[in-house]
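Hi everyone, thanks for making the time.

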Amino acid sequence: MKYIEPHAHMVSRTTDDYEKLALAGCAALCEPAFWAGFDRSSPAGFYDYYRQLTDYEPKRAAKYGIPHFCWLCINPKEAEDPVFAREVMSIIPEFLDKPTVLGIGEIGLNKNTRNELAIFEEHVQLALDRDLPILIHTPHLEDKLKGTKLILDALGSFSKLDRGKVIVDHVEEHTVNLVLEKGYWAGMTLYPESKCTPNRAIDMLETCDSDRLWLNSACDWGVSDPLAVVKCGFEMKRRKKSAEEIERVLFENPKRFLSQSPNFKIG
Amino acid sequence: MPSKKDILDLHFMDARYKLIDLAAFLDRVERHPGEADFRLAGFKKALPILLSDQPGRAKAVLEALSDHSTEPAEAATIQFAYGAPQ
């Protein structure tokens, strides 16, 4: 099944997973910068992480024939200290001209704090200054609804923002239409224990405007499944979706959004 | 488009399995000593939504388990989330 994995944290995965992705038909993979499961102690830790995302991971993926792209930022979990966050942000521009960087992400909120919000807005401005797409993380569990509303309010104050170049990720049934109705793209994350199951995601595809929706596994160091997207494609087949419809959601939709970045090129 | 019967054929056993697991979870919490916290209260508040005749039950359950405050927090005291509002 031809598909794009638009959100995967491969720095946390084994090389075996690249082989599984290749066997499953993964045509491209995108990796947003994120929280590594612990707080890094210095900006130098992020410098090395950005080197890993822009240099090492594309080479590792290429061994399995998978084009690898990335998004850069300091994630909201490590943005609570604004002095530290701004130090890290100061090194990001050096990496933005690398050939596989798509844009700014995954920025957003974690515990919906004023400091997280300030750093989020500074990232949005950086993306605007560089005319780059934006990938946004929405908070977990009980914090998601409030965080999504705060994010949408903050984005609304950027009058020059092209909403078609912004994807708000990890939506669920209570946030998906808030995002789509404002003109943004929305991402659904398929997790075994939280976020969406494949069947809930398909329900949303059936009941919402599916032209601006994508599916991702967001596989990382936690409970997650790197094959979640293609397994959801299989569930779509069981629910009598046509091959064209499955390819539209799993391949054409992410390709259409990601192609807004000049660096996203796949064969 | 699949019929209601098609959906039942595909998903009834899975939903049955999850429903029994919910019941067993409530029994398990009740059987063990100590005090429950806000998570169980939030869970029980959401349960009646399952019996509603209105569509949008998943959305309503998620909203019942959400923080409905509107102002940004002054600071983060924890990095994780509990799954139910305190």
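Let's begin on the surface of chain B, where Leu8(B), Phe12(B) and Met13(B) form a nonpolar patch with about 340 Å² of accessible area together. A patch here is built from residues with over 30% relative accessible area and no salt bridge, joining nonpolar side chains (Val, Leu, Ile, Met, Phe, Trp, Tyr) within 5 Å and like charges within 9 Å. The areas come from the Shrake-Rupley method with a 1.4 Å probe, and for residues only the protein chains shown count as cover.

Before I go on, a word on the source: this is a predicted model, where local features need pLDDT of at least 70 and side-chain atom pairs count only at pLDDT 80 or more, while totals for chains, interfaces and linings use all residues. Residues are numbered from 1 along each chain as its sequence is written, chains are lettered from A and ligands numbered from 1 in the order in which they are written, and side-chain values use heavy atoms, with hydrogens and water left out.

Met13(B) sits in helix 1 of chain B, residues 4-31. Helices (H or I, at least four residues) and strands (E, at least two) are DSSP runs, numbered from the N terminus. With 59% relative accessibility, Met13(B) counts as exposed; the scheme is buried under 20% relative accessible area, exposed over 50%, and partly exposed in between, with a 1.4 Å probe and protein chains only.

By salt bridge I mean a side-chain nitrogen of Lys or Arg within 4 Å of a carboxyl oxygen of Asp or Glu. Lys18(B) and Asp14(B) are 4 residues apart in helix 1 of chain B, so about one helical turn separates them. Lys18(B) is partly exposed at 43%, and Asp14(B) is partly exposed at 37%.

Now over to chain A and its sheet. In what order do the 8 strands of the open sheet run? The order is 1-2-3-4-5-6-7-8, and the pairing is parallel; two strands pair if DSSP finds at least two bridges between them. Strand 1 (3-5) and strand 8 (213-216) of chain A are at the edges with a single partner strand each, so one side of each has no neighbour in the sheet. From one strand to the next, the twist averages 25 degrees.

Strand 1 of chain A is joined to strand 2 of chain A by 3 bridges, and Glu5(A) has Leu29(A) as its bridge partner in strand 2. Strand 2 of chain A (residues 26-32) is mostly covered, with 6 of its 7 residues buried. Cys26(A) belongs to that strand, and at 7% relative accessibility Cys26(A) counts as buried. Leaving out residues up to four places away in sequence, Cys26(A) touches Tyr3(A), Glu5(A), Leu21(A) and Ile66(A), where contact means heavy atoms within 4.5 Å.

Further along, strand 3 (residues 68-72) and strand 4 (residues 101-108) of chain A pair in the parallel sense over 3 bridges. Cys70(A) has Val101(A) as its bridge partner in strand 4 of chain A.

Next, helix 9 of chain A. Its buried residues include Val229(A), Cys232(A) and Met236(A). The buried residues of helix 9 of chain A pack against strand 1, helix 1 (15-24), helix 8, strand 8 and helix 10 of chain A together with helix 1 of chain B. After helix 9 of chain A comes Lys240(A), with a positive phi near 65 degrees.

Arg248(A) lies in helix 10 (residues 243-258) and Asp211(A) in the loop between helix 8 (198-207) and strand 8 of chain A, so the pair ties together parts 37 residues apart in sequence. Arg248(A) is partly exposed at 22%, and Asp211(A) is partly exposed at 40%. Finally, a network of salt bridges links Asp203(A), Glu206(A), Arg239(A) and Lys241(A).

Methods: Axes fitted to C-alpha atoms, helices over the stretch in contact; angles between N-to-C directions.
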